[in-house]
Amino acid sequence: MAIIESVTLDVADPTAAHHFYTAAFGLDTQIRLRACEAPTTGFRGFTLSLTVSQPGNVDSLIEAALDAGATPLKPAAKSLWGYGGVVQAPDGTIWKVATSAKKDTGPATREIDEIVLLLGVADVVASKRFYAGRGLAVAKSFGRMYVEFEAGSSPVKLALYRRRALAKDAGVSPDGTGSHRIAIGGDAGAFTDPDGFAWESESDRKRMAPTGGSAGSGPLVG
């Protein structure tokens with residue numbers, strides 16, 4: 001079964017971005033940061049979600065993100081499915097923090113249960129078929145709206161959502177042009193999916209990495 005082994009965010013200032021993710025979410029080992037000035041405007045077509053166990057944890061993480069310089073997109077609020085909110089990091093990446101729980105069961109913490117990369121796609125069925133053909137195993141599928149793949153040992157789970165629906169969920173316009181500013185590393189090989197999201201061969205990257213470091217990237221965040 002193919003899995004995601006790394007996610008790299010292309011940012012203008014990796015040092016500043018690393019400081020933000022450490023201060024906001026306590027992340028330093030699951031998502032790489034790489035210096036890049038590729039032009040991009042508007043919605044980049046993806047979001048990253050942090051799933052937590054209770055509403056107090058949502059509030060704690062969002063408050064820390066705002067204190068570290070994030071921009072609020074959707075304030076944390078109750079909904080039919082649970083409780084959550086959305087912020088945008090200074091580098092432009094959109095992060096959703098959410099829980100399916102309606103009430104706290106203990107003191108608030110900043111513990112993260114799961115990280116989900118949601119790709120906004122034009123055709124969920126076609127993209128599902130594309131990824132299944134590259135060895136990713138489907139875990140959940142809801143028609144033409146949403147697909148979730150098995151994470152296996154990966155620190156990041158992959159899911160597909162219709163682009164317009166994902167933008168609406170994030171509280172932004174679906175319009176956007178230019179680079180996605182993200183690269184996905186895994187054992188499925190190097191390719192570009194139907195919506196322009198680039199995958200890099202993690203095995204090739206490891207072979208090319210200099211001793212004691214990783215090729216072309218900063219620390220992992222997660």
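Let's start with Gly 171, which is partly exposed, with a relative accessible area of 39%. Keep in mind that this is a predicted model.

**Gly 171**
- You'll find Gly 171 in the loop that sits between helix 4 (163–170) and strand 12 (176–178).
- Gly 171 and Lys 74 are 97 residues apart along the chain, yet their C-alpha atoms are separated by 6.1 Å.

**The largest pocket**
- The largest pocket holds about 650 Å³ of space.
- Its lining is made of 20 residues, and the closest to the centre are Trp 81, Lys 96, Leu 118, Tyr 146 and Glu 148.
- Several elements each supply at least two lining residues, among them strand 7 (94–99), strand 8 (114–121), strand 10 (146–149) and helix 4.
- Strand 4 gives the most to this lining, with four residues.
- Sorted by class, the lining has ten nonpolar, five polar and five charged residues.

**Strand 13**
- Strand 13 covers residues 182–186, and five of its five residues are buried, so the rest of the structure largely encloses it.
- Ile 182, Ile 184 and Gly 186 point one way from strand 13, while Ala 183 and Gly 185 point the other way.
- Strand 1 (residues 4–11) runs antiparallel to strand 13, and five bridges join the two; here Val 7 stands opposite Ile 184.
- Strand 15 (residues 198–201) pairs with strand 13 in the parallel sense over four bridges, and Ala 198 in strand 15 stands opposite Ala 183.

Terms used
Residues are numbered from 1 along each chain as its sequence is written. This is a predicted model: local features need pLDDT of at least 70, side-chain atom pairs count only at pLDDT 80 or more; totals for chains, interfaces and linings use all residues. Side-chain values use heavy atoms; hydrogens and water are left out. Buried means under 20% relative accessible area, exposed over 50%, partly exposed in between (1.4 Å probe, protein chains only). On a 1 Å grid over the protein atoms alone, a cavity is a set of points where a 1.4 Å probe fits but cannot get out, and a pocket is an open set with protein on both sides within 12 Å along at least five of seven lines; lining residues have an atom within 4 Å of a point. Grid points are joined across faces, edges and corners, and a volume is the space filled by probe spheres set on the points. Ala, Val, Leu, Ile, Met, Phe, Trp, Tyr, Cys and Pro count as nonpolar, Asp, Glu, Lys and Arg as charged, and the others, Gly among them, as polar. Two strands pair if DSSP finds at least two bridges between them.
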